[in-house]
Amino acid sequence: MRSSSFKTLVRRTSLMATNPSSPSASSSRTQNAISILTDPNSPFTGLSQRLTNLAQQLRLYKPPPSFQDMEDEIEEQRREESAEKVVSQVGFAESATPISNPERFKPRRAAVLVCLFEDGCGDLRVILTKRSSRLSTHSGEVSLPGGKADEGDVNDADTATREAKEEIGLDPSLVNVVTVLEPFLSKHLLRVIPVIGILSNKELFKPAPNAEEVEEIFDAPLEMFLKDENRRSEEKEWMGDKYLIHHFDFREGTKKFVIWGLTAGVLIRAASVVYQRPPSFVEQMPKFRVPRLVTKDTIMP
C-alpha cells in the first residue's frame, strides 16, 4: 500500500504545474518540465512519474540565506563603507588603503549526499552509512555519504557524488542531483552543504563499502525524520544561542542504529523540503555562526 503522504506530495506537485499562481513564471516552469521529460538525454529519464514530479519540485527549491551568509554580507558592506571613508579622506585607491581588520576564520567546505530512492511500496528512503570504528573522528556513527571538497571538484554536487563513489561505490551516473540545501556547520566547524539526489534505479546500485571508512550501508524511510516517534533530543548552546540535537532510533531486522547530530539535522531539513511540511516536533536548529577567531580545539558542543 502506497504512502498517503507521498501520494499527496505527488498530487500537490502536479497541481503546481497545472494551476499556476503566476502565469508567466509558471508557464516557463511547465515548458522546462516538458522538455526535461521528453529529452532522451535528460538525467530524469528512467524515473517513475512520482520521482519525476518530485525532481521537478526540488529543482525549483531555493535555499534561504544562512545566518552566517547574512552576517558575512553585513560585514562585507561595513568593510566597503569603511574603505570609502578612508578613500574620501586621504584620496588613495581602495587597493592601496589597508584597513585594519583581523583575518576572520573561514571554515573548510564539505558536502554530503542525501540520496533518495523509492521502495517497493512507493515510499521514499535515504541511503546511510555506519562509519568505521577505526576512524579518528565520528567513529561508529551513522552518517550520509560525503566529505571535504577537493580542489578538482567543480561544485558541491561533484564533492558529494565523488565521496559517495569512494565510500560506498555509488556510481555518480546513477544519481540525478536536483537541488542543494542551506549549509550546516559541523561539530569540527566544516561548512557542510547537503546535496539532494535521486537514485533512478536502485537495482543498479551495487553497494561496495570502503572498509577503511564504512562499516555498513543501510537505508531508512525519509518521512521518519518528520515524526515524533523513536526520537529524543538534548539542549546545547553555541555562541549564546540554545539549540536541540535530535536522536532517532532506527531498527532494521536485529540491528539498531542511532541517527543523530548533523546527520539528523540534515535529514529533518531534507524531509521538510521534500514533503513540504515541518516536523511534528520542535526543531530548534542552531544559528550556524562561525567564530571570528578559533583554535584547533574549537568545536561545537
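This tour moves through the structure one selection at a time, from a strand to a helix, then to the cysteines and the nonpolar cores.

The model is predicted, so local features are described only at pLDDT of at least 70 and side-chain atom pairs only at pLDDT 80 or more, whereas totals for chains, interfaces and linings use all residues. Residues are numbered from 1 along each chain as its sequence is written, and side-chain values use heavy atoms, with hydrogens and water left out.

**Stop 1: strand β2**

Select residues 124-131, which form strand β2; strands here are DSSP runs of E with at least two residues, helices are runs of H or I with at least four, and both are numbered from the N terminus. Of the 8 residues in β2, 6 are buried, where buried means under 20% relative accessible area, exposed means over 50%, and partly exposed lies in between, using a 1.4 Å probe and protein chains only.

With strand β1 (residues 109-118) the pairing is antiparallel over 3 bridges, and L116 has V126 of β2 as its bridge partner. These two strands make a hairpin with 5 residues between them, and in its turn G122 has a positive phi of about 85°. Strand β8 (residues 214-221) pairs with β2 over 7 bridges, in the antiparallel sense, and there R125 stands opposite P221. Strand β3 (residues 142-143) also pairs with β2 in the antiparallel sense, over 2 bridges, with V142 opposite K130.

**Stop 2: helix α5**

Next select residues 156-168, the 13 residues of helix α5, which reaches 18 Å from its first C-alpha to its last, close to the 18 Å expected at 1.5 Å a residue; the expected span is 1.5 Å times one less than the number of residues. Because 10 of its 13 residues are buried, α5 is largely enclosed by the rest of the structure. What covers those buried residues includes β1, β2, β4 (146-148), β5 (175-180), β7 (191-199) and β8, with contact meaning heavy atoms within 4.5 Å.

**Stop 3**

Select C115 and then C121: is each one buried or partly exposed? C115 counts as buried at 1% relative accessibility, while C121 is partly exposed, with a relative accessible area of 38%. If a disulfide is taken as a pair of cysteine sulfur atoms within 2.5 Å, the count comes to 0 disulfides.

**Stop 4: the cores**

A nonpolar core is a set of buried Ala, Val, Leu, Ile, Met, Phe, Trp, Tyr and Cys residues joined through side-chain atoms within 4.5 Å. In the largest core, which has 42 residues, select V114, L128, F225 and L267, as these touch the most other members. Helix α6 gives this core its largest share, 9 residues. A second, separate core has 16 residues, including L113, F117, L199 and V214.

Centre the view on L128, which touches residues that include V142, F218, I259 and L267, leaving aside residues up to four places away in sequence.

**Stop 5: L262**

Finally, select L262 in helix α6 (residues 261-275), a residue that is partly exposed, with a relative accessible area of 30%. Not counting residues up to four places away in sequence, L262 touches F184, L185, S186 and V192. Although L262 and V192 are 70 residues apart in sequence, they are 9.2 Å apart in space, C-alpha to C-alpha.

Conventions. Pairing = 2+ DSSP bridges.
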